[in-house]
Amino acid sequence: MPELDDARAEAIRRGVGSYDRHIFICTGPDCCTPEQGDAAWQQLKKSVAALNGSSERGRIYRTKVGCLRVCRDGPVAVVYPEGTWYAGLDAANLARVVDEDLRDGHPVADLIIGENRLPRA
Ligand code: FES
């Protein structure tokens, strides 16, 4: 049996178990340049921190990833639990996703490239 106490403690410290929504954003290098990806990630971190301080929708978790396998028109992102996939997330478009979807709960139709709600466990 693996010893997982440290990981369990860190997961608790990170708030796992209390999140309502989770956004994964790809930072490239194939859907966008690493510079574009890093800029999007830095913007997302600040925006989500601000939302987590005031959102009535509850806490949001954000994760950067190396590839979501779309690999074009990035930065690409996916928001769960809705499973809303976005592309074209330059600074202005990412701000729309943060404000309209993460904050207000309204998917940004013109930026959606796919939808894949996952069944609840
Ligand atoms: S590199 Fe971003 S989706 Fe593949």
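Q: What share of the 121 residues in the protein chain is buried?
A: Buried residues make up 26% of them. A residue is buried if 20 or more other C-beta atoms, placed from the backbone, lie within 10 Å of its own, exposed if 12 or fewer do, and partly exposed in between. This is a predicted model, where local features need pLDDT of at least 70, side-chain atom pairs count only at pLDDT 80 or more, and totals for chains, interfaces and linings use all residues. Residues are numbered from 1 along each chain as its sequence is written.

Q: Why is helix H1 said to lie largely in the open?
A: Of the nine residues of H1 (residues 5-13), zero are buried, so the helix lies largely in the open. Helices are DSSP runs of H or I with at least four residues, strands are runs of E with at least two, and both are numbered from the N terminus.

Q: What makes S1 and S2 paired strands?
A: Two strands pair if DSSP finds at least two bridges between them. S1 (residues 19-26) and S2 share seven bridges in the parallel sense, so by that definition they pair.

Q: Why are S2 and S5 placed at the edges of the sheet?
A: The open sheet has the order S2-S1-S3-S4-S5, with mixed pairing. S2 (59-65) and S5 (112-115) each have a single partner strand, so one side of each is left without a neighbour in the sheet.

Q: How many helices and strands does the protein chain have?
A: Three helices and five strands.
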